[in-house]
Amino acid sequence: MTKFRVGLLVVVLIFMSSAVAIAAQTAVRDGVPYTIQAEDTLWDISRAHGLTLDDLLDANPGLDPYALPIGEVIIIPSLRNLSGVTALKPATPEPTPEPSTGTIEYAPARR
């Protein structure tokens with residue numbers, strides 16, 4: 001009878017560990033699919049979506065950042081699935097305002 005209980009316990013533990021592994025993979029894969037285009041870099045893709053390189057690599061295990069295959073579909077993770085979301089500056093800087101008219105600019109004094 002004890003051999004049966006030990007065997008049943010082993011089966012239950014194996015089942016639970018595989019369920020946890022599948023759940024972890026599913027959580028990472030939640031996001032938007034993106035097809036890699038020519039001239040794409042992970043840096044450009046991450047900046048365009050407000051992510052870090054680590055966010056993209058975590059969502060796409062096995063992806064080689066130095067050799068992106070054109071046409072491969074990767075996952076852009078949604079912000080709710082990221083553990084350490086950091087605010088990034090916009091990809092395009094805001095224009096510098098022009099000085100208003102009537103502003104006096106001073107030059108160094110000459111001697």
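Predicted model: local features only at pLDDT ≥ 70, side-chain atom pairs only at ≥ 80, totals over all residues.
View 1. D55 sits in helix α3, residues 53-59. Helices are DSSP runs of H or I, at least four residues, and strands are runs of E, at least two, numbered from the N terminus. A polar atom of the D55 side chain lies 3.0 Å from the backbone nitrogen of T52.

**View 2. The largest nonpolar core.** Nine residues form this core: I36, L42, I45, L51, L56, L63, L68, I74 and I76. Such a core joins buried Ala, Val, Leu, Ile, Met, Phe, Trp, Tyr and Cys residues through side-chain atoms within 4.5 Å. Helix α2 (42-48) and strand β2 (73-77) are the elements that give two or more residues to the core.

**View 3. Surroundings of I45.** Leaving aside neighbours within four places in sequence, I45 contacts Y34, D40, L56, I74 and I76 (heavy atoms within 4.5 Å).

**View 4. The whole chain.** The chain has 3 helices and 2 strands, in the order α-β-α-α-β. Of its 111 residues, 15% are buried.

**Notes.** Residues are numbered from 1 along each chain as its sequence is written. Local features need pLDDT of at least 70 and side-chain atom pairs pLDDT 80 or more, while totals for chains, interfaces and linings use all residues; side-chain values use heavy atoms, leaving out hydrogens and water.

Notes. Buried < 20%, exposed > 50% of the residue type's maximum accessible area, 1.4 Å probe, protein only. Polar contact = N/O pair within 3.5 Å; in protein donor to acceptor, adjacent residues only side chain to side chain.
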